[in-house]
Amino acid sequence: MSAVNDSVLFLVLRRMRAPLIVMILIYAVSIFGLVLIPGVDANGLATAPMSFFDAFYFISYTASTIGFGEIPNAFSYGQRFWVTACIYLTVIGWTYSILSILNLLKDDGLQRALATGRFHRKVKNLSEPFCIICGVGETGSLICTTLDQVQMRFVVLDTRPEPLQELELGDYLADVPALNADAQIPGILLLAGLRHSHCKAVLAVTNSDEANLAIAMNVRLLNPGIPVIARAEHAATAANMDSFGTNFVVDPYALYARRLALAMRSPPSYQLVEWLTRVPGTPIPELHKPPTGKWIVCGYGHFGRAIVQHLDTMGLHDDVRIIDPRPTNPDDHLSIVSAGTEASPLIDAGIKNAVGLVAASDNDINNLSIAITARELNPDLFIVMRQSSSANSMLFEAFDANLTMITTQTVAHACLSYLTTPMLSRFIREIEKQPAAWAESLIKALTPICAGCVPFVWTTRINRVKTPALAQALHNVDCPVSVAALMTSNRDRRESLKLLPLMLERAGQIILRPAPDLPLHNGDKIIWTGTREAWNEQKLTASYGNALDYVLTGKSSTGSWLGKYLNG
């Protein structure tokens, strides 16, 4: 912080150097003249000039336009002439100084220094766990909104002022420290609280792979203990990040390709994953059942390659056709050199007999053109589209593809899942291993709880810090506490909370959908899904002994003397 204060001070002194010199010279000349010019007494006789103190005192209130008027004797004509000149000089000097101050207040350098100082003070005073979000574009904004909903603080860095201005206008529950700066600079990350005791993670989600790579590297060197969640849209960048231990690398194209393959193998499992990874409170996505058969992939970039790879693993190698405007090496697949926006290359690829098409180019308008042409040629086609910019959302909604991969949302959902509920990634891997009937039964149990909206997902860690009342109760081996205690309302123990336990982890062992009568142990970690109200009520039960006692025994007690007296 001292460095920030020093930069502001030196900037002010540098900008005000000339006005200060001018004012000092004017005051010095004015005072020096008064101590040389003799005065006159009441009888018209010459008197000694003013002393340095009297001259300084007189110039001080005269030059500042106070006009106090306290003088020991009337001035001589010489003194009056000199004072007149001094008045004009000081007015000119003050005018110059004031204009310089006004220009200084508009100086970009000073505004940046002051903003940096305010930002650093806000970050320094944070007393809750927070994360640093580098890049607040479409992906970062979605992450900020969701973190605010789950009551997790965050700090924002971005090189563009426009997103930060939109952030200031956002309706967030808590104040958001934000700085217009480049997060690739190590000093900026330190200023944002990288070594703060409450910093829990850094998210590098800018639109530049190079910037995200630099941020991840800086964090790994400056504070290796802080988890790094980084976005990478190129396989080489993702591999580079993995090489130096980035905790979670989000490759949106590989991730979505894996989800599409899951949707083809087990539509209920895909639907369950969508329910658990989307933004809480948004409408529940409908069930999609991508068919197996002949597929056409238009665009053989990173996304197209990932799609083809997963289709190959499902045994559809001979049924995949690739259309790309660049000569490619499509791994022995039939390929056509074209953009795919016209009918002829689609017909040559066998669009009439195809069951699905992926518009995977990096141009949204081309993808829309491909999809429209393909649907005219084959109305029964299952269409998957890639949307790169949310600005084109209205166009994609108007077309209404079967599935739309929105890059920013895919990255945001993956980052949020890892950040807010790290166990969710492991649970999703377990979902992918289970049969469709298992996922279908879980969806059936979750449907009345969701009420048409994506549920909240959270993790309960049973220990003295997170769940003090529950951890203390578990020390009493004679009175075991089961999972049902965390599923019961502390307002009326006859009612159950609107939630479901998804997975319990104990000493490295996994229990899927733990039964309500399963005894709890200290150190257990449980991932839940349900409503926000159920989440808040469950936290109260696990944290306060009175609420837990009521859930376990049905007896309501209070810890205060007055409450015990009133209860008899």
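Which helix gives the most to the lining of the largest pocket? Hold on to that while we take in the whole model first.

What you see is a predicted model, where local features need pLDDT of at least 70, side-chain atom pairs count only at pLDDT 80 or more, and totals for chains, interfaces and linings use all residues. Residues are numbered from 1 along each chain as its sequence is written, and side-chain values use heavy atoms, with hydrogens and water left out.

The protein chain holds 23 helices and 18 strands; these are DSSP runs numbered from the N terminus, with helices being H or I of at least four residues and strands E of at least two. Its radius of gyration, taken over C-alpha atoms, is 35 Å, well over the 24 Å that the globule rule (2.2 Å times the number of residues to the power 0.38) gives for 568 residues, so the chain is more spread out than a compact globule. The C-alpha trace spans about 120 × 85 × 40 Å along its principal axes. Of the 568 residues, 49% are buried, meaning under 20% relative accessible area with a 1.4 Å probe, protein chains only.

Now for the empty space. Rolling a probe the size of a water molecule over the atoms shows where such space is left. A pocket here is an open set of points on a 1 Å grid over the protein atoms alone, where a 1.4 Å probe fits and protein lies on both sides within 12 Å along at least five of seven lines; lining residues have an atom within 4 Å of a point.

The largest pocket has about 1,300 Å³ of space, a volume being the space filled by probe spheres set on the points, which are joined across faces, edges and corners. Its lining counts 44 residues, and E274, R278, T404, Q409 and H413 are the closest to its centre. Back to the opening question: helix 17 gives the most to this lining, with six residues.

Next comes the second largest pocket, with about 1,100 Å³ of space. Of its 30 lining residues, T420, T459, R461, K466 and W535 are the closest to the centre. Helix 17 turns up here too, as one of the elements supplying at least two residues, along with strand 6 (199-204), strand 15 (456-461) and helix 21 (532-543). This time strand 15 gives the most, with six residues.

Conventions. Buried < 20%, exposed > 50% of the residue type's maximum accessible area, 1.4 Å probe, protein only.
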